[in-house]
Amino acid sequence: MKNDPAFIGFGEAAMAFAHGGAARGYDRKTDNTATRAAKLADFESAGVRACDSAADAIAGAAAILSLVTADQASAAASEAAPHLGPQALWLDMNSVAPDTKRAAAAAIHAAGGRYVDVAVLAPVHPARLAVPLLVSGPHAEAGKAALAEFGFTNIRIVAGDVGAASTIKMIRSVMVKGLEALTAEWILAADAAGIRDEAVAALNASWPGTDWAEKADYNLDRMMLHGLRRAAEMEEVVKTLDGLGTGSAMTRGTVARQRAIGLRGLVPPEGLASKLAALSVTPAKAGVSSREDSPCYRETPAFAGVTVSEISA
């Protein structure tokens, strides 16, 4: 019989993985009257039964996919742990630091469950169940089997305890989410300076085969839709880097830039020019300082309060 686990969290990733059948799930947005109807519609469109609580969703489930926001990953495990069945698999697919996953694992194991560290290594669209997954920890084999039974087709076990898979994910995000933020900073500046076409042409010449206008359009789309979620993930990356002692200065900048754009709450319009217009960047002046205490400092909607002190905190 095909394994139809419970979902805790039902956002973009869970919706990409859901295939209906006997699956059920819970998302805390159903507790809020402002977001309940839309989230229930998400469950219905995916053919997944919405439950009124995490306890109801996981009751009797042999496997649970945890797909919440990074800042809720540990709390989700702690709150669900008392309701797990014996030997139930908690498949933690959240983008969080190794220490965060180890704390979640402690809660799950103390309750008699089995915790599996799962790292999702690519966008869930268009790959869906073919997205590459890494799994680690003492129950990695059982986790891999459950994921494969559910329908995932690209799963690899990495050696090590809980935290091994997530470490790979976190360090990957330094580049992936960092490049998003850097691309946004570059194209916003180029547009404000009135040299967008020249800036794109210069990078296209330096990286033959890459369309930087297309890349900027895609990255801004992702940040406008998911900037707050990405900022939460990158805060977990900061924890990872600081724990390694290698420094996190640039990643702290990524947190700030992702959050600044995400806080705008914008629905991405079609096309790069429309996205830049929506971000309402004011024309730049040569030599304008980014320091808050400078008389030249101008807080613009594109920065949404990003400051040097925030980046270097």
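## Overall make-up

Of the 313 residues of the protein, 46% count as buried, where buried means under 20% relative accessible area, exposed over 50% and partly exposed in between (1.4 Å probe, protein chains only). This is a predicted model, in which local features need pLDDT of at least 70 and side-chain atom pairs count only at pLDDT 80 or more, while totals for chains, interfaces and linings use all residues. Residues are numbered from 1 along each chain as its sequence is written, and side-chain values use heavy atoms, with hydrogens and water left out.

The protein has 12 helices and eight strands; these are DSSP runs numbered from the N terminus (helices H or I, at least four residues; strands E, at least two).

## Nonpolar cores

A nonpolar core is a set of buried Ala, Val, Leu, Ile, Met, Phe, Trp, Tyr and Cys residues joined through side-chain atoms within 4.5 Å. The largest one has 29 residues, and Phe-7, Phe-17, Met-93, Leu-133 and Phe-152 have the most contacts inside it. Elements giving two or more residues to this core include helix H1 (12–17), strand S6 (114–120) and helix H6 (140–150). H6 supplies the largest share, four residues.

Another core, apart from this one, has 21 residues, among them Tyr-26, Ala-54, Leu-84 and Val-162.

## Contacts of Phe-17

Leaving out residues up to four places away in sequence, Phe-17 touches residues including Phe-7, Leu-67, Met-93, Arg-128 and Phe-152. Contact means heavy atoms within 4.5 Å.

## Helix H7

Val-176 lies in helix H7 (residues 164–192). Val-176 is partly exposed, with a relative accessible area of 30%.
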